[in-house]
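Please keep the sequence and the model open beside this note while you read. The points below go from the whole chain to single residues.

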Amino acid sequence: MEESKSKLFKQRLFRIHVAAGVTFSILMYIAIFFGVFAILLPYIKTWEKPSRHIEKVDITKIDYNYMIDEALKTPNYPKNNLLINLPGNMGDPAVVITHRFAKPLAFNPITKEKLNNETKEQTHLAEFLNELHYGQPLKIIGRISFGLVAVGTMVLIITGLILITIMKFKNQGKTQQAVFSKIHIKVFTWAFIPFFLITLSGAIMNVGLISAAPMSKVLTKGEANSIDAVVGTVLFPQSKPIKKVEEKESMLPIKQLLLQAKEINPQLDLKQVRLINWHDKTAQVEIIGYNPYKPFLNGGIFNKPSITLSAVTGKLIKEKKVMDKVWSVFVAEGIFFLHFLFGIDIFSRLAIAIIMSLCAIAIGFGVMLYLEKKAKKYDGKIPFYHWLGKLCLASMIGIIPATASLFVFQWAMPFDLEDRVLWQKGIFYNTWLLTLFWSFYRINSYKASKEFLFVGGSLFILSTFIHSINSNFTPIDLYTKEMGNILGVNIGLFLFGALLIYIANKLPKERIEAKQFWKIKAKS
């Protein structure tokens, strides 16, 4: 009796896992696919903008004071609490002076000239890829949908772990289905912890933040309309404003103050400088950084270690260390750190990108396993033609040439073209829709997959050549001028394109060939 109950429980759990997997797989795959590009967002942002093709420079050898004075000369520009983003902050090689009530002003750190800071109407590639990652093109419906998919995926992870534990899959089969199952199980067995945590943080940001406003109103009986009004005093404590004495003083060079800050706390990677009461006798400079030795705890939104110095004398006024905050700030910081990856180096980003790419591949093999079981019922009778298979083909493989078209037209279209970003997005959506039509037109999905992969790979490689021609920067120029971020994107796009073409050539053309192909892979 107990044995039959256990067997029934396993069967029901397995069916729940399969049903939920088929339901959430497409949107979760799309979220992960664009999420990989979002991980590399700072580097793509630099690659996409002509004004950001600037060679690397030491942040302590830049004449910031000249740029500050130029910003203050701008008509109607705020005079207090200016924030300076130092070169290298979020991958941006420019000096960017910002204020919450004014447009950012960008400067070349070497020539000190004001840059043509491209607007989002001119170039929006990196941000658009990020928006696709969390469903923003569909506004609140997209964000809620992607958030609920993240919640459903966590259920899938939990049920999958239970199934692996109680059913003890041996993964010794040599059939096509067995290979798909093995890859699906193995990847998620090894990668479930980072995948679960990143998915959890995504669910909190999408569903949690959307529901935060009405929940805040309920909890405070209508007094608060947002989460900031409830926990803002803890997460964003405000310093008391410093009253000016209206006595003008000359300011120390910012580069000198940066050197002093490095002496005070050598562990900090300096990211931003906030100017308080500039040119007044009470002027202060708050130098904000990130401590790479304490990841997950700082550098993001809620906990930013800083050193405040007098802009007149250079005297230390205040130092905020990473561990000065309360535990609730660390929890909030850790959740957002998992998704935004503030401050971490390129190698750590690439490692996370590879893990998430493997998870996307594992989702793909899970879908293929389901479709292969369906196709087995018609084996040797009629060609298998399942609508879900065609939809998955366009969503999971057809998305590749569509995304590649974004990179091609980023540098193929003139930057002064009217409605440039709208044209670029239109080409992307139409290319993706075309892959859906082609998926249904092609009876043989294996051929369609090979075609999508080959076209996508060719377009990614083409985008690197178009960038070199239209930006007037060859790979040698990028290397000699230490534009590593831009060169790295070109190398990444070229290698990714070459990999896609290689896979397209290796994959079988027919279902009969595929069976033998995966058997060979299983043996090897």
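1. Among contacts in the chain between residues at least 6 apart in sequence, what percentage join residues at least 24 apart? The share is 72%, where a contact means heavy atoms within 4.5 Å. Before reading on, note that this is a predicted model, in which local features need pLDDT of at least 70 and side-chain atom pairs count only at pLDDT 80 or more, while totals for chains, interfaces and linings use all residues. Residues are numbered from 1 along each chain as its sequence is written, and side-chain values use heavy atoms, with hydrogens and water left out.

2. Of its 524 residues, 47% count as buried, and the terms used here are buried for under 20% relative accessible area, exposed for over 50% and partly exposed in between, with a 1.4 Å probe and protein chains only. The accessible surface of the chain is about 27,700 Å², and 64% of that surface belongs to carbon and sulfur atoms; such areas come from the Shrake-Rupley method with a 1.4 Å probe, and for residues only the protein chains shown count as cover.

3. The seven strands form an open sheet with antiparallel pairing, in the order S3-S2-S1-S4-S5-S6-S7; two strands pair if DSSP finds at least two bridges between them. Strand S3 (102-107) and strand S7 (316-320) stand at the edges, and because each has a single partner strand, one side of each is left without a neighbour in the sheet. On average, neighbouring strands of this sheet are turned by 20° against each other, with direction ignored.

4. Strand S1 (82-85) can be followed through its two pairings. Four bridges join S1 to S4 in the antiparallel sense, and three bridges join S1 to S2, also antiparallel. Asparagine 85 has glutamine 272 as its bridge partner in S4 and valine 96 as its bridge partner in S2. In a regular strand the side chains alternate between the two faces of the sheet. In S1 both faces are covered, with Leu82 and Ile84 on one side, Leu83 and Asn85 on the other, and all of them buried.

5. Further along the sheet, strand S4 (residues 269-276) and strand S5 (residues 284-290) pair in the antiparallel sense over seven bridges, and isoleucine 276 stands opposite glutamine 284 in S5. S6 and S7 are antiparallel and joined by four bridges, with threonine 308 opposite lysine 318 in S7. Helix H8 (residues 254-264) lies across S4, S5, strand S6 (306-310) and S7, and runs at about 130° to S6; for such angles, axes are lines fitted to C-alpha atoms, for helices over the stretch in contact, and the values run from 0 to 180 degrees between N-to-C directions.

6. Which backbone angles deserve a second look? Most residues other than glycine have a negative phi, and most peptide bonds are trans. Asparagine 81 is not a glycine, yet has a positive phi of about 60°; this asparagine is in the loop between helix H3 (64-73) and strand S1, and is partly exposed because its relative accessible area is 35%. Methionine 90, in the loop between S1 and strand S2 (95-99), has a positive phi of about 55° although it is not a glycine, and with a relative accessible area of 37% this methionine is partly exposed. In the hairpin of S6 and S7, which has five residues between the strands, glycine 314 takes a positive phi near 80°.

7. Isoleucine 363, in helix H10 (residues 346-376), counts as buried because its relative accessible area is 9%. Leaving aside residues up to four places away in sequence, isoleucine 363 touches Ser25, Met28, Tyr29, Ile32, His184, Phe188 and Met396. Isoleucine 363 and phenylalanine 188 are 175 residues apart in sequence, and their C-alpha atoms are 9.1 Å apart in space.

8. Leucine 495, in helix H16, counts as exposed because its relative accessibility is 53%.
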